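Welcome! Take a look at the protein below, and then let us walk through it together.

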Amino acid sequence: MANNMEESSPFLPRQKSEMTNNELKSTKLNSSTPAPPVAAEPVKPTVSAAVPMGWTANGLPMGHGAVVGEPIMRRAQWESGLCSCFGKNDEFVSSDLEVCLLGTLAPCVLYGSNAERIGSAPGSFSNHCLPYTGLYLIGQSFFGWNCMAPWFSYPSRTALRQKFNLEGNCEAVTRSCGCYGGFVEDEERREQCESTCDFATHIFCHPCALCQEGRELRRRLPHPGFNTKPVLVMLPPGEQSMGR
């Protein structure tokens with residue numbers, strides 16, 4: 001009876017058809033309604049592939065092995081100016097006066113000391129001082145002024161500038177004029193110009209250049225002779241007398 005009632009009931013097929021019609025309408029409504037707008041991801045600024053320029057503390061160009069997008073290392077300024085003959089009024093004031101006297105009376109001694117500190121090799125003082133003395137005597141004898149020794153000594157200024165990432169003379173002049181950005185676009189050309197400025201500084205302001213380098217080195221590096229290891233001296237025990 002129950003099966004016959006379900007088969008003969010006219011409401012069951014109508015309910016099924018109405019359910020199917022409702023499902024179709026809901027799918028049509030879902031397809032016709034526009035999807036909510038998706039928020040666009042912000043465009044990240046592209047990092048320029050320019051090679052960072054500058055010199056590291058080890059004297060290597062920053063373009064070699066540097067990560068793209070790394071902040072450019074600014075060059076440090078000298079502790080004292082080129083014409084600051086008496087140095088600065090700090091704990092190195094006595095050393096600055098010594099440097100001033102050596103640069104005026106015995107530039108060969110000051111240059112040998114500077115080269116020994118840059119190379120950090122004790123005992124190389126004579127290897128730099130003696131050739132400088134020979135060129136100094138030749139210039140004074142034949143030309144009346146020290147025009148030969150600066151050709152031999154100016155590479156020490158370039159090595160000092162690269163070792164501590166110091167600002168060069170050309171870069172300092174262009175920075176003071178406000179055209180710093182356009183000067184450092186080509187690192188190779190900038191270094192060539194700075195080396196030429198180092199040579200010109202030693203030619204025309206040789207004593208001042210030696211004194212400036214000496215003051216800078218004494219503030220940044222100890223003398224290589226002070227870095228030797230301490231020697232332990234073992235003394236034998238004194239005579240002991242046996243008490244009675």
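## Contacts and overall build

Among contacts in the protein with a separation of 6 or more, 64% are between residues 24 or more positions apart; a contact means heavy atoms within 4.5 Å. This is a predicted model, where local features need pLDDT of at least 70, side-chain atom pairs count only at pLDDT 80 or more, and totals for chains, interfaces and linings use all residues. Residues are numbered from 1 along each chain as its sequence is written, and side-chain values use heavy atoms, leaving out hydrogens and water.

You will find 10 helices and 0 strands in the protein. Helices (H or I, at least four residues) and strands (E, at least two) are DSSP runs, numbered from the N terminus.

## Inside and outside

How much of the protein is buried? Of its 244 residues, 30% count as buried, meaning under 20% relative accessible area, while exposed means over 50% and partly exposed lies in between (1.4 Å probe, protein chains only).

The protein exposes about 16,800 Å², and carbon and sulfur atoms supply 63% of that area. Such areas come from the Shrake-Rupley method with a 1.4 Å probe; for residues, only the protein chains shown count as cover.

## A residue on the surface

Now look for F142, which sits in helix α5 (residues 125-142). Is F142 buried or exposed? F142 is exposed, because its relative accessible area is 65%.
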